[in-house]
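Subject: Structure handover

Hi,

Here is the structure I promised to pass on. Please have a look through it, and then read on for what I found.

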Amino acid sequence: MACPVSSGIAEDHDQDKDKLMHGLLYGEYLHLDKILSAQRLLSAEYSDEVHDEHLFIITHQAYELWFKQIIFELDSVRALFSSNAHDAHDAHNGTMNNSSANNQENGVSHVLNETKTLEILKRLNRIVLILKLLVDQVTILETMTPLDFMAFRDYLCPASGFQSLQFRLLENKLGVKQEHRVKYNQSYMRVFGRDPAAIEAIKRSEEEHSLSTLVQRWLTRTPGLETDDFDFWGKYKRSVEKMLSEQEQTANAQTKQQIKEHLLANVRSRQAVFDTIFNESLHNALVSRGERRFSHGALQGAIMITLYRDEPRFSQPHQILMALMDIDSLITKWRYNHVIMVQRMIGSQQLGTGGSSGYQYLKSTLSDRYKVFLDLFNLSTFLIPRHMIPPLTKQMKTKLSIASNGWSSDEKQNKPEDSSSNSENSLCMT
Ligand code: HEM
């Protein structure tokens with residue numbers, strides 16, 4: 001933080017003095033009076049102070065502050081994913097409303113200016129680092145023994161992390177859907193019963209475009225998916241068919257019956273899996289069963305970016321996909337660390353202070369249900385060997401290269417200067 005005193009110019013004493021008089025001091029700027037007086041030990045109020053309750057409170061407060069920062073970054077990333085300045089403002093204030101949503105439906109936004117991808121990446125990576133910290137932070141609280149916890153646990157009732165508004169907002173803004181939550185968790189709204197502002201914030205977070213929705217719309221516009229142009233999907237399908245046919249031939253050439261059958265079964269099972277992406281209705285059936293999350297178009301975009309990630313223009317998009325997986329993966333790790341800590345503190349048979357079955361409930365949340373970017377994890381199923389990746393046409397290679405004004409040096413030589421104006425922009429990943 002810039003120090004208001006030391007940043008003054010030495011000889012200008014009056015100015016320094018003025019700053020000192022009117023500028024905020026460290027504690028005032030950070031409202032430390034509020035933050036540092038917000039640790040109210042219930043054990044001290046009801047009986048003898050329990051030393052570890054202080055750590056318990058500080059840890060939760062630290063988590064909530066970091067949740068706030070994550071939500072702040074998340075809102076800004078969602079705003080960057082839509083180019084409309086109005087939406088950007090709304091999302092930043094957590095107030096992306098229905099009219100913004102409609103604008104987006106009309107195609108006014110969803111347009112991601114590629115110059116924003118670096119900023120998006122930077123902020124997603126910041127979220128990733130914060131989450132890493134949060135995963136590790138559990139270990140500090142684990143220095144408290146179950147006996148120490150027992151000494152003040154009864155005073156906490158009915159307070160529980162289940163009532164963390166920011167945690168729910170975070171989940172919703174990422175894209176956790178109500179129908180994917182485990183049963184007990186589907187009625188999480190009831191804990192905010194007496195807090196209309198919290199209910200309102202939750203409803204808004206459920207209605208706004210989540211990060212997942214915005215990412216999917218962006219992926220759908222991946223350059224190269226156009227069927228009347230490069231037609232990646234058609235080419236990729238043919239490569240997959242060729243790959244499976246070669247694998248079938250290899251299997252049939254086996255002399256040992258057992259190995260042959262094993263290999264043929266493997267080819268058939270891979271064929272069936274690939275069918276689920278080439279047949280849109282099979283894909284949609286998996287989406288409605290909650291086994292897949294992305295739209296068909298978004299899945300195509302993600303596969304294309306993954307296969308051609310070495311092309312300059314796909315480098316940052318690919319890193320964005322990795323960061324999204326990191327976020328999902330770190331939240332899962334946090335859930336896991338939290339469950340383990342809960343079992344250590346209260347065992348697996350006690351109810352939680354929030355009224356759930358405690359450990360058993362939390363254990364049930366450790367599933368793919370809560371992975372918003374589940375399809376990105378499963379992309380590896382659809383990878384094909386490098387030599388089978390459809391080669392890029394010269395035009396496509398140019399589209400995916402980064403050069404001044406968007407043209408590669410090759411193209412620049414072949415194109416008249418003025419014809420380069422806006423055409424490349426129209427190829428942007430919008
Ligand atoms: C001694 C330490 C802790 C214990 C024993 C504990 C226990 C529990 C239990 C039993 C639940 C299930 C709901 C209920 O019935 O209460 C829960 C939920 C939760 N706790 Fe903790 N917790 C601890 C520390 C923390 C910390 C440090 C955080 C950080 C913010 C936290 C955040 C949460 C959240 C967000 C939930 C809701 C999870 C969900 O519904 O998916 N807990 N906790």
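A word on terms before the details: helices (H or I, at least four residues) and strands (E, at least two) are DSSP runs, numbered from the N terminus. With that in hand, E171 has its place in helix α10. Residue numbers start from 1 along each chain as its sequence is written. Please keep in mind that this is a predicted model: local features need pLDDT of at least 70, side-chain atom pairs count only at pLDDT 80 or more, and totals for chains, interfaces and linings use all residues.

**Overall picture**

The protein has 22 helices and zero strands. Of its 430 residues, 24% are buried. Here a residue is buried if 20 or more other C-beta atoms lie within 10 Å of its own, exposed if 12 or fewer, and partly exposed in between, with C-beta atoms placed from the backbone. Two residues are in contact if their C-beta atoms, placed from the backbone, lie within 7 Å. Among contacts in the protein with a separation of 6 or more, 69% join residues 24 or more positions apart.

As for confidence, pLDDT is the predictor's confidence in each residue, from 0 to 100. Its mean over the protein is 86, and 81% of the residues reach 70 or more. Over residues 84–110 the pLDDT stays under 50, and the model has 41 contacts beyond four places in sequence for them. Residues 403–428 also have pLDDT below 50, with 17 contacts in the model beyond near neighbours in sequence.

**Around the ligand**

Which residues come nearest to the ligand? They are S160, G161, G352, G354 and S356, out of 25 residues around it; a residue counts as near if its C-beta atom, placed from the backbone, lies within 6 Å of the molecule. Two or more residues of this shell come from each of α5 (53–81), α18 (312–346) and α19 (359–364). The largest share, five residues, is from α18. By type, the shell holds eleven nonpolar residues, 14 polar and no charged.

A nonpolar core is a set of buried Ala, Val, Leu, Ile, Met, Phe, Trp, Tyr and Cys residues joined through C-beta atoms within 7 Å. The largest one has 43 residues, of which L124, A302, L324 and I327 touch the most other members. Two or more of its residues come from each of α5, α8 (117–141), α13 (211–220), α14 (232–252), α17 (296–307) and α18. Leaving out residues up to four places away in sequence, A302 touches L219, F294, L321, D375, L376 and L379.

A302 is one of the buried residues of α17. Nine of the twelve residues of α17 are buried, so this helix is largely enclosed by the rest of the structure. Its buried residues pack against α13, α14, α15 (257–278), α18 and α20 (374–377). From first C-alpha to last, α17 reaches 17 Å, close to the 16 Å expected at 1.5 Å a residue (the expected span is 1.5 Å times one less than the number of residues).

α13 is largely enclosed too, because nine of its ten residues are buried. They include R217, W218 and L219, and the buried residues of this helix pack against α5, α10 (165–174), α17 and α18.

**Individual residues to check**

Back to E171: this residue is buried, with 20 other C-beta atoms within 10 Å. Its C-alpha is 9.3 Å from that of S210, 39 residues apart along the chain.

Most residues other than glycine have a negative phi, and most peptide bonds are trans. Which peptide bond is cis? The bond from C157 to P158, with omega near 5 degrees; P158 is in the loop between α9 (146–156) and α10.

H31 is not a glycine, yet has a positive phi of about 50 degrees. H31 sits in the loop between α2 (26–29) and α3 (32–35) and is exposed, with 10 other C-beta atoms within 10 Å. D231, also not a glycine, has a positive phi of about 55 degrees. D231 lies in the loop between α13 and α14 and is partly exposed, with 14 other C-beta atoms within 10 Å.

Best wishes

Technical notes:
Nonpolar A, V, L, I, M, F, W, Y, C, P; charged D, E, K, R; others polar.
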